[in-house]
Amino acid sequence: MRRTPAPPAALAALTLAATALTALAAVPPAVSPAVAAEGYTWKNVQIGGGGFVPGIVFSRKERNLVYARTDIGGAYRWDQATRSWTPLLDWVGRDRWGHNGVISMAADPVDADRVYAAVGMYTNDWDPGRGAVLRSADRGRTWQTAALPFKLGGNMPGRGMGERLAVDPHDNRVLYLGAPEGNGLWRSADRGATWSRVTGLTAVGDHADDPSDPSGYGSHRPGVVWVTFDEGTGTAGSPTRTIYVGVADKRNTVYRSTDAGTTWEPVPGAPTGYIAHKGVLDAASRTLYIATSDTAGPYDGSKGDVWKLDTRSGAWTRISPVPSDSADAHFGYSGLTVDRNRPGTLMVATQMSWWPDVVFFRSTDAGRTWTRAWDYSGYPDRSLRYRMDVTATPWLTFGATPAPPETAPKLGWMTESVEIDPFDSDRLMYGTGATLYGTEDLTAWDRGGRFTVRPMVKGLEETAVQDLVSPPSGAPLVSALLDLGGFRHATLDRVPEMMFTRPNFTSGTSLDYAEARPGVMVRAGDFTDADRPADSHVAFSTDGGATWTQGPEPSGVNRGGTVAAGADGANFVWAPGDAGQPVVHATGPDSGWTRATGVPANAVVESDRVNPRRFYALAGGGLHVSADGGRSFTAAATGLPTGRVRFKAVPGAEGEIWVAGDTGLYRSTDAGATFARLPGVTGAVNVGFGKAAPGRTRPAVYLVATVDGQDGLFRSDDTGATWVRVNDDRHRYGNMGDALTGDPRVYGRVYLGTNGRGIVYGDLGGGSPGPAPETGCKAVYRQTGSWSGGHQGEVTVTNTGASPVKGWKVTWTFAAGRTVSASWNARVAQQGTAVTAVHESWNGSLAAGGATSFGFTATGAPAEIAPSCTAG
């Protein structure tokens with residue numbers, strides 16, 4: 001769920017001179033920096049699905065032309081040559097983010113180049129925009145928009161019904177659209193350019209799963225939910241005479257027009273008591289099939305039936321594989337499809353049968369008899385007519401080892417779109433709550449063999465991203481995701497083996513790593529505590545996220561909130577997301593959590609990236625700072641943004657913090673005592689940092705915001721003095737910015753989290769297939785002596801780049817009780833446990849591959865350090 005950005009406004013110029021110690025610094029007016037543009041190459045970090053695919057639409061005009069729609073992640077077109085999906089709505093920007101919710105699609109059955117999408121994400125106040133019908137004459141490469149006077153609900157209850165958008169197969173100038181919330185049926189006579197209400201159909205669909213839901217979600221009325229044509233009642237060039245529509249009304253769920261949409265009536269003898277999720281007309285036999293359930297779905301459904309109508313005689317016949325009045329009935333039906341090459345062959349899926357699995361039913365005699373994709377062979381054992389092969393997306397097992405009759409992976413759930421290819425009886429695709437599956441040997445079912453089910457989801461990325469970190473060593477990226485928890489992305493172009501488990505969060509909410517010890521990580525996430533009382537909502541790793549451990553947690557926690565790791569990995573601060581839960585502090589998984597003082601509950605917490613004792617917490621527009629590892633906080637600056645705010649501390653710059661919020665972008669260089677507002681920036685969503693540009697020492701800054709009136713993703717190489725836009729109008733990723741970070745190892749690379757299009761990353765210019773070669777320098781420590789109460793060490797600095805460097809800086813964090821007492825060949829300074837060593841005038845310049853060293857003595861017992869080096 002996203003908000004629209006704030007409108008552009010004139011802003012004051014940046015100044016770092018503070019005029020108050022506990023409030024926003026005053027800044028004089030100045031001219032905003034100009035925004036340039038820069039070419040980037042964009043790709044997805046490969047996950048492989050990850051969300052609900054409520055609709056798959058095969059073209060009946062052209063073989064291998066297939067479209068898929070998602071509830072929050074846009075629409076896709078199948079590419080047979082690469083066996084992957086091409087995203088079609090990445091051009092949708094934040095100003096129309098709701099257009100990424102696709103409630104229906106239609107492939108023109110006459111002109112294969114034409115495709116339509118009905119878009120709009122929510123019908124309640126979560127989405128301020130209205131719906132629209134998008135039309136394309138080039139298979140979705142470019143689109144035109146027809147605005148509608150009402151909202152559409154691509155992510156509302158009933159989104160798996162349909163398809164509610166349809167093109168007349170005899171006159172493809174004519175389209176119909178079933179609308180929700182009492183808006184009835186709409187018609188276009190000019191290929192989707194303009195729309196008007198069909199006044200002859202007064203039925204609007206009054207069903208809502210929970211009419212009393214005050215949020216407007218459960219009380220949503222799906223309305224008119226599918227449209228289909230009787231192709232035997234028309235001729236080419238004239239509108240089809242007989243049209244059927246499904247309505248979310250348990251009293252009359254199927255209506256018909258026999259005069260090309262002018263007048264309508266309930267179909268005589270139609271079944272009552274359930275909602276027709278699907279209506280498919282087999283043109284060869286002139287038979288209308290419907291699949292019904294007792295709720296709108298897609299998460300539920302406990303009763304329903306399958307019926308067929310002989311459209312010539314008007315006779316209805318119940319053909320349910322398991323009738324609703326059977327003692328075995330515990331599901332409704334959806335996922336209805338017919339084989340266009342084999343009249344009388346059809347399939348239907350359960351809606352909703354989670355345990356032990358979805359059931360697919362298949363009939364080759366128009367529903368007189370059915371076989372199941374699986375049967376019990378003696379409980380709890382099951383005999384399967386299929387085999388699962390998820391080697392392309394191995395995490396689909398969810399790391400589970402369930403007891404029979406359950407299996408991992410499941411055949412599916414929320415399977416509302418099950419589609420047999422109209423050109424190939426062996427190919428079937430179906431959507432689930434986590435991926436898109438398919439088979440290419442379906443008719444083996446009829447021969448008594450097994451058909452193979454595999455993910456057919458390559459290129460379709462639909463995760464909602466909550467947080468991202470890119471540490472300076474180890475895996476290039478670690479993610480926190482809704483629904484899947486999160487992943488360690490060892491490579492960007494390969495689907496990870498498994499999401500985080502033990503504990504496996506329902507949704508990951510926050511991540512952090514220790515800047516000086518990047519292998520130390522912490523993550524937080526959501527699940528219902530009562531379901532897994534032995535698990536914690538926070539977990540720790542010492543190997544860069546490869547394995548995780550957990551410890552005790554405060555009582556009453558169900559939501560992960562935000563979490564932060566101190567720069568040396570010795571202290572952690574956690575702000576659980578449950579209302580009123582206090583901010584807590586720990587030193588590791590086994591220490592237990594103690595309540596922090598001086599900080600509001602539910603603050604957003606971050607750590608200083610240099611000083612291991614300093615943490616920050618932001619709540620209600622006020623910053624709170626801890627100088628003792630998170631045990632206690634004191635109030636600092638006020639007047640910062642409220643509401644949806646993101647802030648980050650800068651790697652390598654002690655006390656520097658950037659805050660992004662609706663009112664702009666703010667920067668502090670004094671540990672939050674004062675902030676200055678950067679000029680030209682409004683509606684800031686998130687900020688992150690990456691590797692410095694060549695010849696610069698300051699990290700690159702990445703920003704999702706409106707800069708000088710232009711919305712987008714920006715980079716600054718000069719601490720916000722100037723910005724370049726790094727995305728373009730083809731890559732606007734409307735629901736972007738909840739997560740954002742640069743890569744500390746690859747200059748120009750930025751990782752962008754979206755709410756529905758997964759993780760995308762951009763590379764400067766032509767991009768690069770993998771991590772770029774490391775440039776700069778490295779530092780290696782060795783102990784050279786020790787004595788009672790002290791020790792001596794040496795650090796070797798090597799230029800690892802391909803060109804000379806003019807200077808270097810080495811930093812490390814000491815264990816408590818160690819202090820540098822003397823040094824040589826470098827200027828060494830220490831603040832707390834943080835140590836910085838800078839070259840002398842005679843040893844700063846190093847040729848490519850060249851090396852130098854410096855030494856020091858220190859009080860305290862010897863302790864291993866992990867120095868990091870920056871080339872100047």
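## Domains, a pocket, a disulfide and ring pairs

The protein divides into domain 1 (66-383), domain 2 (474-638) and domain 3 (777-871). These bounds come from an automatic or database domain assignment. The centres of domain 1 and domain 2, taken over C-alpha atoms, are 43 Å apart.

This is a predicted model: local features need pLDDT of at least 70, side-chain atom pairs count only at pLDDT 80 or more, and totals for chains, interfaces and linings use all residues. Residues are numbered from 1 along each chain as its sequence is written, and side-chain values use heavy atoms, with hydrogens and water left out.

**The second largest pocket**

A pocket is an open set of points on a 1 Å grid over the protein atoms alone, where a 1.4 Å probe fits, with protein on both sides within 12 Å along at least five of seven lines. Lining residues have an atom within 4 Å of a point. Volume is the space filled by probe spheres set on the points, which are joined across faces, edges and corners.

The second largest pocket has a volume of about 770 Å³. Its lining counts 31 residues. Val57, Phe58, Arg60, Thr228 and Arg340 lie nearest the centre. Several strands each supply at least two lining residues, including strand 3 (55-58), strand 15 (224-229) and strand 23 (332-338). Strands here are DSSP runs (E, at least two residues), numbered from the N terminus. By class, the lining has 20 nonpolar, five polar and six charged residues. Nonpolar covers Ala, Val, Leu, Ile, Met, Phe, Trp, Tyr, Cys and Pro; charged covers Asp, Glu, Lys and Arg; the others, Gly among them, are polar.

**The disulfide**

A search of the whole structure finds one disulfide, defined as a pair of cysteine sulfur atoms within 2.5 Å. It joins Cys777 to Cys869, with S to S at 1.9 Å. The torsion about the S-S bond is about -95°, so the disulfide is left-handed. Cys777 lies in strand 59 (residues 777-787) and Cys869 in strand 66 (residues 868-871), so the pair ties together parts that are 92 residues apart in sequence. Cys777 counts as buried at 12% relative accessibility. Cys869 is buried too, with a relative accessible area of 16%. Buried means under 20% relative accessible area, exposed over 50%, and partly exposed in between (1.4 Å probe, protein chains only).

**Aromatic pairs**

Rings of Phe, Tyr and Trp (its six-membered ring) pair if their centres lie within 6.5 Å. Planes under 30 degrees apart count as stacked, over 60 as edge-to-face and the rest as tilted. The count comes to 34 aromatic pairs. Two of these are set out here.

| Pair | Centre to centre | Angle between planes | Class |
|---|---|---|---|
| Trp395 and Phe487 | 5.9 Å | 65° | edge-to-face |
| Tyr751 and Tyr761 | 6.2 Å | 40° | tilted |

Trp395 and Phe487 link distant parts of the chain, 92 residues apart. Trp395 sits in the loop between strand 29 (386-388) and strand 30, and Phe487 in the loop between strand 35 (477-481) and strand 36 (488-489). Both Trp395 and Phe487 are buried.

Tyr751 is in strand 57 (residues 750-754) and Tyr761 in strand 58 (residues 759-764), ten residues apart. Tyr751 is buried, at 0% relative accessible area. Tyr761 counts as buried at 2%.

Ring pairs also link Tyr781, Trp808, Trp812, Phe814, Phe854 and Phe856 into a cluster.

Definitions and conventions:
Helices (H or I, at least four residues) and strands (E, at least two) are DSSP runs, numbered from the N terminus.
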